[in-house]
Amino acid sequence: MSLGDGGRPGCGSVRHLYVHLPFCVHRCGYCDFVTLVGRAGEHGRYVDALLAELELERAALAPRLETIFLGGGTPTFTSASELARLLAALPAAEEVTVEANPETVTPELALLLREHGVTRVSVGVQSFRPHLLAVLERRATPAAVHAAVYALRDVGLDNISLDLLYGIPGQSAADLDRDLGDALALEPEHLSCYELEAKPGTRFTHTFGNELARQAEAMEDYFERVVDRLTGAGYRWYETANFCVHPERAEGRDLRARHNLAYWRGRDYLGIGIGAVSTVQGRRWRTTPGLGSYLAALGHGEAPPRELEPLPPSVRRRERVLLGLRLDEPLTLRGLDEAVDLAALGRLEQLGLAERTRSGDADESVALTTRGRFLGGGVTAELLA
Amino acid sequence: MDQQRIRNFSIIAHIDHGKSTLADRILELTDAVSSREMREQVLDTMELERERGITIKAQAVRVHWKGHELNLIDTPGHVDFTYEVSRSLQACEGALLVVDAAQGIEAQTLANAYLAIENDLEIVPVVNKIDLPQADPKGTAAELADLVGESSDRVLRISAKTGEGVADVLDAVVERVPAAGGAADAPARALVFDSSYDQYRGVVAFVRVVDGSFRHRERLRAMAAGTRFEAEELGFFSPTMRPTESLGTGEVGYVITGLKDVSRLRVGDTLTSEGRPAEAPLPGYKDVKPMVFSGLYPTDSDDYPELRDALEKLKLNDAALFYEPETSQALGFGFRCGFLGLLHMEIVRERLEREFDLDLLVTAPNVAYRVVTPTGETIEVHSPADMPAEFERIEEPYIRASIIVPKEYVGSVMELCNERRGRYGSLEYLSESRVHLTYELPLAEVVLDFYDQLKSRTRGYASFDYDLAGFREADLARVDILVGGEAVDALSLVVHRASAYERGRALVERLRDEIPRQMFDVAIQAAIGSRVIARETVKARRKDVLAKCYGGDITRKRKLLEKQKAGKKRMKQVGMVEVPQEAFLAVLNLGQEPRR
């Protein structure tokens, strides 16, 4: 069975679809996503509701999708039969990514994904050090990570991404180097490396907030270490927190996450599922994070409760700047003049943090220097008019 | 009243030594008020008058005692108003010198007593609070007798609280204080010893008629200021306002002028009659000049108009207060204000904060400097930022400090004075255990934190007073504080060359701790001219990114960046460097909090 059997083409313009699968075996302390623990009995109803929501929004979708991304939660924790039913019912797309936690990736699951058209799997590794995994309350062991990646490789998946966290309480620089080494040894096509954030209101922040603050200085250079190590190993630092194997080392393949690139390039996207966000033609909405009201509404064939956010052109322009500057490609300034403080740009150039480029008759564009990218947040705040 | 039966006197006393209690007792004993009324009238007058819109406070009260008219003239109670005190004393022929039997003489009492002696006043020494268990009437009387050069048994011993001995005080005033002098038939002259502003009646002058007399509705002239006005009302306080038709030679009272600005009728000026003007004013008028300056800025720049209005209002009643608009790149719009001294500054600041509910940022106080430029011109500089880079020489104001301490602290006080470039004057034992020290000190060293230091090094036992001793040449330098290569105007200081390094170092270190890390290294320097004397660096941030940003949280990330942007806007920009207002605040407060 191949993906796309159940998907009727739409007639809109949106070419990127996000599907939220909230179920997890356990809620990790640092997580602030919309997640639900267990609820095996509700997986089926939830998939029904997802498909009903997709049906309601189908008109927005383009006849051919470029990307689909199944995120969570732990999409691979969803019961196998329901996951298979969902994948079968989704429209076809050129890139289909599924997020997976290592401990859920069995050979059977790998096969299921492969057979249902999944082209890319993003594995939530976070760390290979048991003491750090314990701090994060992750269930997977380092061995499970290896097993998961091998299982995916065995079924022929050739686009695997690993998620790593750095700045974990108690993580030494040597720990970080070993984590990076262990990840590189698995030769992933893609790596996402995030600094652990103590997000307000999480259990994690409650427990470790003070410790993180104390460590901040010692861990100041971890970001640089990550970038140095990965670029040194032949990876392209194409987005603030994302790396992929260079095309010349990958037989010309562009291994950037196409789905996420769509976000960073300011494309429209449709998100379905609880807590999912859509941005379509100048409107953004977030679907209710409440499972009950979501299931109830879609059970009656009605749209679930949504929080609407108008996106006037001025805001969209600002977002184009803040998203675009995360990438390693220049951001064209055409149409963004009002969102950019040109005086600030001048100052940033002077400081060697940004560069203006103009090639021939092409539009003027701006790119951050390497140091500018390390300070991307501050630089962007400075640059926004 | 017959001039021979008029006695004009003041009470000189250190704070809490019983001046107001004694004044109250005198009013009571002379039947000016019953003791019940006393409370209601005297204490509540302010409140009542305020209700009626009148804010004139009695500066002189007239009472009668055994066929004599006694005028009790109030003196401002503190050091910065030495000149005002001297004018009040000039209006008198005598003074009660009141000293707490348990505390002994304090520096401030001493200063005012000397002032009274200089003005040829008859001093009536009084030891108060003899009812206190820890009182030492005998020892205190001996100290006092020594000070005024009288025998100990001429020192009155009283308790203003119980009333014991107060009648003797009044008798002594009648007997010992000379009758009011002055020539009744000469052209009228009156000394303005205080003034006050009332929003309905304008400037009210408190006067002592020296020669001749003044009549209601007479055209008058202030001889120094040249101001002309009509005496809208004449009168005296007893203890409330009592209008009269005239004020005669030797009498004390008030003149309502209708003038709208106290600066047009300054303390020390001489009033005369337009009809028959005096040839010369009374001696001793001085145009008092502010000696201590500081920048006052509203913490919230929106409060600037309120600050301006408040200063305008205070100025109505305080001719010595000086202010002019000042702009600082670091602190925004504010005022450079001039004060008679530290205490005056504190009073103004407190009134602005309390009565006008303003939140203020006060720059480190500095003194007035006289700078001789290379072209030989002398200019007065009120702000370190205005100090020219090149000059022939600088003169700074010196004070004569008078310090009284228990003898065991003499060493620490001398040490402090030497640290502050003091020049030793004299050392004198007031009694076996108490020593009176005098030093000449640069006022600039005193405005820093001298008083706090003095208190802490003597466990609070020292009492301190000063008066100005003129300008002296000094080896001073202007130290600029540079942030990222740009001088921060509000932080410049003028210091003695010997302490430039130390002061510069302290400021630079403090700023380093207060300035958040930026996207580039920020040099913080202290410099004299182009010579850097201290330097610190705030290292550049190495990372500043929002870790994750995907479809679900673009809005949140945008808001975070917008918040970061708004935070930047609240910062003060010094060149490329963003400095939080709090950083300036912390640095400006670096040991500069004068409290008395």
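How much of the contacts in chain A with a separation of 6 or more comes from residues 24 or more positions apart? The figure is 71%. Keep that in mind as you click around, and remember that this is a predicted model.

**Stop 1: chain A as a whole**

Select chain A and colour by confidence. The average pLDDT is 92, and 97% of the residues score at least 70. Now pick out residues 1–5 of chain A, where pLDDT stays under 50. For that stretch the model has 15 contacts beyond four places in sequence.

Switch to a cartoon view and you'll have 14 helices and 17 strands to look at in chain A. The chain has 385 residues, and 46% of them count as buried.

**Stop 2: two helices in chain A**

Select residues 43–57 and 80–89 of chain A, which are helix 1 and helix 2. Their axes come within 9 Å and cross at roughly 10 degrees, which makes helix 1 of chain A roughly parallel to helix 2 of chain A. Show side chains where they touch: helix 1 of chain A brings A:His43, A:Gly44, A:Val47, A:Leu50 and A:Leu51, while helix 2 of chain A brings A:Glu82, A:Arg85, A:Leu86 and A:Ala89. By type, that contact divides into five nonpolar, two polar and two charged residues.

While you're here, step back to the loop between strand 4 (65–72) and helix 2 of chain A, where you'll find A:Gly73. Zoom in on the bond that joins A:Gly72 and A:Gly73: this peptide is cis, with omega at about 20 degrees.

**Stop 3: a three-stranded sheet in chain A**

Next, look for the open sheet of chain A with three strands in the order 12-13-14, paired antiparallel. Strand 12 (277–280) and strand 14 (306–310) of chain A are the edges, each pairing on one side only. Neighbouring strands of this sheet are turned by 20 degrees against each other on average, direction ignored.

Strand 12 of chain A meets strand 13 (residues 283–287) of chain A over four bridges, in the antiparallel sense. The loop between strand 12 and strand 13 of chain A holds A:Gln281. Check the backbone of A:Gln281: phi is positive, about 45 degrees, although the residue is not a glycine. Is A:Gln281 buried or exposed? A:Gln281 has 10 C-beta neighbours inside 10 Å, so A:Gln281 counts as exposed.

**Stop 4: where the chains meet**

Bring chain B into view. The contact takes 37 residues from chain A and 23 residues from chain B. On the side of chain B that touches chain A, you'll see ten nonpolar, four polar and nine charged residues.

For a helix pair across the two chains, select helix 11 (residues 313–324) of chain A and helix 12 (residues 554–570) of chain B. They pack with axes 11 Å apart, at an angle of about 90 degrees; helix 11 of chain A and helix 12 of chain B are therefore roughly perpendicular to each other. The contact is made by A:Arg318, A:Glu319, A:Leu322 and A:Leu323 on one helix and by B:Ile554, B:Lys557, B:Arg558 and B:Leu561 on the other.

**Stop 5: the eight-stranded sheet of chain B**

Stay in chain B and trace an open antiparallel sheet of eight strands, in the order 11-10-16-7-8-15-12-13. At the edges are strand 11 (228–230) and strand 13 (241–244) of chain B. The twist averages 40 degrees from one strand to the next.

Strand 7 (residues 189–198) and strand 8 of chain B run antiparallel and are joined by nine bridges. Here B:Asp198 stands opposite B:Gly202 in strand 8 of chain B.

Now select strand 15 (residues 252–256) of chain B, where five of five residues are buried. In a regular strand the side chains alternate between the two faces of the sheet. On one side of strand 15 of chain B are B:Val252, B:Tyr254 and B:Ile256, with B:Gly253 and B:Val255 on the other, and both faces are covered.

Strand 15 of chain B is joined to strand 8 (residues 202–211) of chain B by five bridges, running antiparallel; B:Val204 stands opposite B:Ile256. Strand 15 of chain B also pairs with strand 12 (residues 233–237) of chain B over three bridges, again antiparallel, and B:Gly235 stands opposite B:Tyr254.

**Last stop: a loop in chain B**

Finish at B:Asp357, in the loop between helix 8 (342–354) and strand 20 (360–362) of chain B. Phi of B:Asp357 is near 55 degrees, a positive value in a residue other than glycine. With 10 C-beta neighbours inside 10 Å, B:Asp357 counts as exposed.

Definitions and conventions. Residues are numbered from 1 along each chain as its sequence is written. Chains are lettered from A and ligands numbered from 1 in the order in which they are written. This is a predicted model: local features need pLDDT of at least 70, side-chain atom pairs count only at pLDDT 80 or more; totals for chains, interfaces and linings use all residues. Two residues are in contact if their C-beta atoms, placed from the backbone, lie within 7 Å. Ala, Val, Leu, Ile, Met, Phe, Trp, Tyr, Cys and Pro count as nonpolar, Asp, Glu, Lys and Arg as charged, and the others, Gly among them, as polar. pLDDT is the predictor's confidence in each residue, from 0 to 100. A residue is buried if 20 or more other C-beta atoms lie within 10 Å of its own, exposed if 12 or fewer, and partly exposed in between; C-beta atoms are placed from the backbone. Two strands pair if DSSP finds at least two bridges between them. Axes are lines fitted to C-alpha atoms, for helices over the stretch in contact, and angles run from 0 to 180 degrees between N-to-C directions. Angles under 35 degrees count as roughly parallel, over 145 as roughly antiparallel, 65 to 115 as roughly perpendicular and the rest as oblique.
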